[in-house]
Amino acid sequence: MISVEEASRLVLATVRPQPTETVALTEATGRVLQIALHADRDFPPFHRVAMDGIAVAFAAVAGGQTEFPIEATQLAGAVPQPLLNPGAAIEIMTGAMLPPGTDAVVRYEDLELREEAGRRIARVLVPPPAAGHNVHRQAADRRQGDLLLPAGVRLGPAEIAVAATIGASTVPVARRLRVAVVSTGDELVELDQAPLPHQIRRSNAYMVRAALLEVGAEAEIFHFNDDQAALRQGLPPLLATFDALVLSGGVSKGQADFLPGALQEVGVAQVFHEVRQRPGKPFWFGQQAGGAVVFALPGNPVSTFVNFYQYVRPWLRQCLQPQAPRPELKAQLAASVTFRPRLTHFLPVQLDYSPQGCLLAHPQPAGGSGDLASLLQCDGFLRLDAEQEEFRAGEALPLVRFREEVR
Ligand SMILES: Nc1nc2c(c(=O)[nH]1)N[C@H]1C(S)=C(S)[C@@H](COP(=O)(O)OP(=O)(O)OC[C@H]3O[C@@H](n4cnc5c(N)ncnc54)[C@H](O)[C@@H]3O)O[C@H]1N2
Ligand code: MOO
């Protein structure tokens, strides 16, 4: 049996970069950019007025002048008009281009305006301290041609804003991964079916589908009964269509646990079977030569769940962002725990913050790997090392987090 670390390494060794597709920027949120994007203009592209008020020549202020006749008014979006008289001012709004002949802006709050013989006169109460005051200078932030977004970044709201400002109305992104979610077992019925006393509903398939959608993959649900012939017939079309299969159930030692055999019969080579961990030990992982990878997860719901977040999600993320290995998350154990078996233990925890702002992990009571409802209280799992038995409150331990917001 291999360790969790070795299993993770073997899973990630099958990662391959995704092909590219071009989508509208409005459809690109959460997608991974496939090319670098550069500034098409300076940021800002012109000397941008940063306050509503008047634009003046600083030299006039420096020379002691306080009264400025208003020559013109210029709103944002208007073609700038040059200042004709260097001793006058142009009334100006935030976002306008600084008029030629001016180099400083005095805010309305720092001046008084009055009408005199049909003319507007501004009296400067607080003179600007230097040229450039209240002006967002052209190229102050980025220069034309500068690298803004390197290939491989995930497009969140900040990246979308920058892409929009350079006019990227479409962007090349990594194609979404297509994943078949497969439940197996004679005891499982569809959600709209009334289960008989010895039956249950196929909750794992819906759980995995929801988890896949959250990480931006496409997911389609399938089901097989515990029937070797049906598996032999039904698996090849899925292997040919999808990038990955995530199955649950049928991988342990039972008389109807046909999956490892059936998968190998249809050409999926086993990479490993069984990992030194609890829950989720009977995990089977394989790959079709040059084709789909297969995560055959143990059927107990918490085992399926833990293995999804420990192995499937990192694989999906790495396929989309091969160049960006993620730093390991950690949280501080809030209460001491003992775990004796020489297995990596995924300890269910609820998260909050200490007064110092450290992420704290509170162990949660759970009835084992069949206790699906225990997940409702949890935000993640602390990964307790197989070779250690005592874990003390205050220790920082690796965290597999599945809920992002602290409640
Ligand atoms: N003799 C042994 N028996 C078992 C071992 C072992 O080492 N020796 N390992 C146990 C462990 S640990 C696990 S985990 C389970 C995993 O077994 P399978 O992957 O073969 O899963 P099944 O037997 O098909 O199902 C287990 C359990 O989960 C329920 N299940 C399955 N699929 C779904 C689904 N889609 N939605 C909801 N619930 C599902 C299923 O009804 C079973 O109750 O094996 C132990 N046995
Ligand atoms: O791995 Mo099993 O998941 O302990 O129940």
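Modeller: Contact here means heavy atoms within 4.5 Å. This is a predicted model, where local features need pLDDT of at least 70, side-chain atom pairs count only at pLDDT 80 or more, and totals for chains, interfaces and linings use all residues. Side-chain values use heavy atoms, with hydrogens and water left out, and residues are numbered from 1 along each chain as its sequence is written.

Colleague: What share of contacts between residues at least 6 apart in sequence join residues at least 24 apart?

Modeller: In the chain, that share is 69%.

Colleague: And how many helices and strands are there?

Modeller: The chain has seven helices and 28 strands, counted as DSSP runs (H or I, at least four residues, for helices; E, at least two, for strands) and numbered from the N terminus.

Colleague: New topic: how much of the chain is buried?

Modeller: Of its 407 residues, 46% count as buried, where buried means under 20% relative accessible area with a 1.4 Å probe, protein chains only.

Colleague: Which residues have the most contacts inside the largest nonpolar core?

Modeller: They are Leu 212, Phe 283, Phe 295 and Trp 315, in a core of 42 residues; such a core is a set of buried Ala, Val, Leu, Ile, Met, Phe, Trp, Tyr and Cys residues joined through side-chain atoms within 4.5 Å. Among the elements that give two or more residues to this core are α1 (4-12), α4 (203-214) and α7 (301-320), and α7 supplies the largest share, 11 residues.

Colleague: Last one: what box does the chain fill?

Modeller: Taken along the principal axes, its C-alpha atoms fill a box of roughly 100 × 50 × 40 Å.

Note on methods. Chains lettered and ligands numbered in written order. Buried < 20%, exposed > 50% of the residue type's maximum accessible area, 1.4 Å probe, protein only.
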